[in-house]
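Me: I'm new to this one and would like to go through it slowly. Could you take my questions as they come?

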Amino acid sequence: MASADSASSSDSDSDIVLELDGLVQRLHDPQSGAEFVVEVDRPLQVRQGDFVAIFGPSGCGKTTLLTVLGLLRQPSSPRDIGVFRIRGSRATDSSGCPYVDLKEAWCRRQHSLIEHIRRSHIGFALQSGELLASLTVAENIAVPMHLNGVIGDERRQRVRDLVDAFGLRRQTGLDHYDLSRKRVNKLSGGEYQRVSLARAIAHRPSIVFVDEPTAALNREMARGALEQFRLLEASGSGGAATIMVTHDEELANEFANVIVRMAPVVGRPAGRITDILRRS
Amino acid sequence: MLARFRYYTCLALRDLIRLWSSTQHHILIVAGICLPILLLLGLKRGHVEELRRELMTSPTGRQIVFWASQDGELLDAVGLDALQKTLDGAELMIPDQRRVVSARRATEGQPLTLTLYSTRKGDPILGQYQADVLQANEKAIVLPNNVAEALGIDTGDTVEITVRREVNGQDETATIALVVKAVYPAGADKSDIGYVDSGVLSSFEQFVRGYAVPDFKWQAAPVAIPDTYAAYLYLFEKGQALTRDDMEYLANRGLKIEEIDTSQPWELTDFIKPDAMVRLRALRIFSESSRADPARRLNLAPSELTEVLSIPDDVAIPWNVPLEAKFEDSAAALVGFSLPRRCWLRGDLIADDLAFPFDASAIGVVWPFRASVLGESAALRVTGDNRFVLPQSAAGLQPPSNRPLPAEGNLQSSTHATEVAIVPVDFLARMTSLHHDLAIYDPETKLIAPVPATVVFDKVRLFARTIDDVPSIAERLYSAKFAVDAEDERIQEIHEQDSSLRLLVFVVGLGVFLFGVLTVISVLVDSTDRKRGTLGILRVMGVSKLGVFWIVVLRAAVIGFLAGCLSVVFGKLLAAFLEWPAPANSILAAWKPTVRISLTPQDILLVFLGALICAAVGAIYPAIRASRIDPFDAIVEGRFR
């Protein structure tokens with residue numbers, strides 16, 4: 001695991017799953033006409049198994065950075081980006097490079113490729129869970145697998161594993177507790193968040209983005225969910241990198257091995273990465 | 001890829017079911033647009049089309065009345081049929097005959113005066129009352145309900161019709177029983193009008209004109225054929241010549257005059273004393289046709305001529321070509337010769353009673369004998385060689401007197417006659433008519449009566465197939481010199497009504513359609529916006545733009561499909577209800593109209609597809625919008641909706 005800040009020449013580049021440098025993301029508020037700029041002026045490298053916490057005060061551009069990294073939002077000026085690449089199995093070039101050049105993908109408007117990356121290599125656990133209300137817990141967890149062609153027993157077993165792992169089903173004596181067939185709108189906040197986390201990793205992505213896990217939950221519930229998430233990732237094959245946005249420093253320090261600090265730029269409506277701290 | 005789209009389909013359907021209340025709402029809105037369109041189409045094909053068809057085929061609109069004008073010929077039944085064949089678009093011609101008759105319930109009841117109109121099978125006037133039931137020459141009648149009630153009869157009963165005629169001052173009636181085949185609702189005026197077949201009414205006309213109607217066993221009136229059958233007129237002038245006015249009068253009648261050279265033998269040479277022949281000036285009045293064919297008639301009575309001509313002393317003798325006749329075994333030429341009783345010309349004849357008086361009450365023969373043969377003339381018949389043969393009963397005639405006989409060989413057309421029989425001029429005229437089949441012998445009246453003339457119609461009602469055929473038919477009739485009365489203004493009015501009706505249907509249909517599409521789009525845009533959060537989640541998880549597009553369009557298509565089903569079901573129910581005639585005495589009958597709505601499979605399919613396409617097309621814009629939005633923005637925006 002390595003932070004981008006040190007460039008870590010000592011570590012191999014082969015375990016980098018995501019790299020970004022030289023981003024200027026402009027956000028326009030159509031109502032006020034004001035513009036907010038998020039700047040990444042130092043290399044941000046995420047390696048396999050990293051738990052990255054993007055930390056900073058409200059309004060400094062954490063979520064904006066997360067959406068650009070997670071390919072949920074098109075960069076304002078893709079051509080001006082220094083480096084933006086992700087490790088992907090599908091789009092290796094003729095030289096055998098395992099990385100997808102996202103800068104070029106955005107420049108060339110390769111939406112199909114971007115959608116593929118998002119579908120296959122990225123998992124999201126967003127602020128409010130954002131589950132599909134028409135589906136049950138198990139069905140929600142199964143959605144990414146459906147989209148990635150995971151079928152039959154493999155899918156059902158994976159769903160069962162995740163349901164069990166996130167405590168959505170348990171048998172204690174005569175007490176049978178099973179939420180897998182329950183509609184998600186019947187769940188409590190903690191259960192909802194756990195389903196969201198389970199869904200985010202169901203298709204075994206390379207990177208999982210977790211946005212403000214404590215926004216809709218209290219800290220204890222969020223901590224419990226994240227703990228389960230980390231344990232599951234740690235026990236998985238290879239382990240995915242996790243990028244979490246939070247304004248909770250305590251949570252960031254507790255879970256992350258890489259802390260990315262962001263802060264507003266003084267004198268103008270902007271936010272930028274001020275520090276990338278990699279801990280062993 | 002296919003599996004993914006199958007999954008998208010599944011997601012869309014699950015979402016529809018989960019949000020069923022919202023889906024219902026959208027289905028109802030789309031059905032609310034489709035149902036009026038379906039009913040409008042049904043109305044257009046049903047009630048409106050029926051109205052339009054009624055307008056286009058309205059009996060009054062497509063009726064043309066025409067009659068013989070100055071040059072147009074009068075038509076009989078055969079002529080009508082022939083004329084109809086030459087008129088494209090003519091559906092039916094009905095002679096416009098009317099006859100006032102007396103009607104009463106058979107064998108009892110008070111008589112009622114009724115005006116009978118002629119009709120024919122296919123008469124649209126009766127057809128609109130479902131009373132077009134009379135077959136050709138059927139002894140039946142169609143009556144208005146007010147007349148039927150007044151007579152106390154109904155369909156299937158018999159009504160006794162009495163026809164009256166007055167011939168030569170003599171009143172006669174004839175009665176026939178007609179079956180009431182239909183009773184139609186009378187108009188507000190409650191007029192006493194009945195309809196009988198044109199053939200039957202023609203028979204009534206024949207009776208009124210004095211002819212026999214064998215089919216009805218009605219006899220002819222006891223009237224002999226008129227005596228206006230002279231081929232020539234011989235005019236004897238005593239003193240004054242014809243004036244210019246006289247000549248003009250004759251010329252106007254198509255008559256010509258030539259002076260006879262009395263020094264040469266002519267028809268009357270042997271009848272007039274030789275010294276008188278020198279004194280008298282004789283003129284022959286003839287027409288071109290009678291000159292060419294002496295059998296042709298002038299149709300001019302001598303009395304008419306002498307009344308009009310200014311010379312009171314002149315004598316006009318009608319002259320027909322003598323006919324050969326046989327009295328038992330003796331052949332003779334029948335010569336018609338009559339003069340007024342006190343005519344000065346009698347003194348110039350070889351015998352002053354040689355000529356019969358014009359007012360002779362009996363048919364007589366002067367040949368050298370005189371006898372009454374009134375009763376016996378009935379047996380006269382025309383033989384194949386143009387001979388009249390008197391029967392044996394004529395043998396009882398008086399023997400000849402000692403009168404001088406006319407010289408032989410002076411009768412131009414009876415060269416074979418060896419003897420001359422002088423008969424009253426009207427007798428010979430009638431014999432001539434009989435000879436030329438212009439008269440018949442009526443054994444009932446024992447009279448030589450006119451051959452029943454074919455009924456000629458002076459006015460005809462023609463029904464074109466549609467009102468659009470009226471102008472061309474009217475033009476053809478104009479050009480055939482008929483006077484024509486067509487409902488041009490009514491046709492124009494009908495066309496205006498028709499185009500107004502079409503415009504109304506079009507405008508309403510277009511308005512409903514346009515606002516329907518806008519409503520559907522608006523509903524779907526709103527619905528899709530509400531789904532933005534869900535669509536954002538799907539986009540976050542990597543669902544492609546095409547996938548989102550598919551989900552949105554599929555959702556709309558399902559809504560359209562269900563709305564189409566709902567529209568068809570409710571449309572059918574509504575159509576059945578509107579078509580159902582409420583019982584006359586029910587509360588519903590007071591306000592519920594009976595409207596024919598014809599929902600054809602094409603219309604149903606059209607509305608069904610229309611709902612589908614409308615919903616699908618209406619979903620394209622929101623689908624594009626939904627697929628273009630950044631996933632995260634979609635989630636954020638959807639979160640706050």
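Me: Which residues touch the most other members of the largest nonpolar core?
Reply: Bearing in mind that this is a predicted model, the residues that touch the most other members are Val52(A) and Ala615(B), in a core of 128 residues. The largest share of this core comes from helix H15 of chain B, residues 545-579, which contributes 13 residues.

Me: And what is Ala615(B) in contact with, leaving aside its neighbours within four places in sequence?
Reply: With those neighbours set aside, Ala615(B) is in contact with Val30(B), Val520(B) and Leu524(B), and also with Ala556(B), Ala557(B), Ile559(B) and Gly560(B). There is also a second, separate core of 72 residues, and among its members are Val101(B), Ile161(B), Phe236(B) and Phe271(B).

Me: OK, switching to where the chains meet: how many residues does each chain put into the contact?
Reply: Chain A brings 23 residues to the contact and chain B brings 19 residues. On the side of chain A that touches chain B, helix H3 (111-120) and helix H4 (137-147) each supply at least two residues, and H3(A) gives the most, with six residues.

Me: What kinds of residues are on that side of chain A, in terms of nonpolar, polar and charged?
Reply: The side of chain A that touches chain B divides into nine nonpolar, nine polar and five charged residues.

Me: Now helix H5 of chain A: which of its residues are buried?
Reply: The buried residues in H5(A) are Arg158(A), Val159(A), Leu162(A) and Val163(A). Seen down the helix axis, the buried residues of H5(A) fall within an arc of 135°, so they line one face of the helix. The face turned away from that buried side carries Asp153(A), Glu154(A) and Gln157(A), which are exposed.

Me: What comes after H5(A)?
Reply: H5(A) is followed by Gly167(A), which has a positive phi, near 70°.

Me: Last topic, strand S12 of chain B: why is it described as largely enclosed?
Reply: Strand S12 of chain B covers residues 315-319, and five of its five residues are buried, so the strand is largely enclosed by the rest of the structure. Val315(B), Ile317(B) and Trp319(B) point one way from S12(B), while Ala316(B) and Pro318(B) point the other way, and all are buried. In a regular strand, side chains alternate between the two faces of the sheet.

Me: Which strand is joined to S12(B), and by how many bridges?
Reply: Strand S9 of chain B, residues 232-237, is joined to S12(B) by five bridges, and the two run antiparallel. Within this pairing, Leu235(B) has Ala316(B) as its bridge partner in S12(B).

How values were computed
Residues numbered from 1 in each chain as written. Chains lettered and ligands numbered in written order. Predicted model: local features only at pLDDT ≥ 70, side-chain atom pairs only at ≥ 80, totals over all residues. Core = buried A, V, L, I, M, F, W, Y, C linked by C-beta atoms within 7 Å. Buried ≥ 20, exposed ≤ 12 C-beta atoms within 10 Å, placed from the backbone. Helix = DSSP H or I, 4+ residues; strand = E, 2+ residues; numbered from the N terminus. Contact = placed C-beta atoms within 7 Å. Arc of directions from axis to C-beta. Nonpolar A, V, L, I, M, F, W, Y, C, P; charged D, E, K, R; others polar. Pairing = 2+ DSSP bridges.
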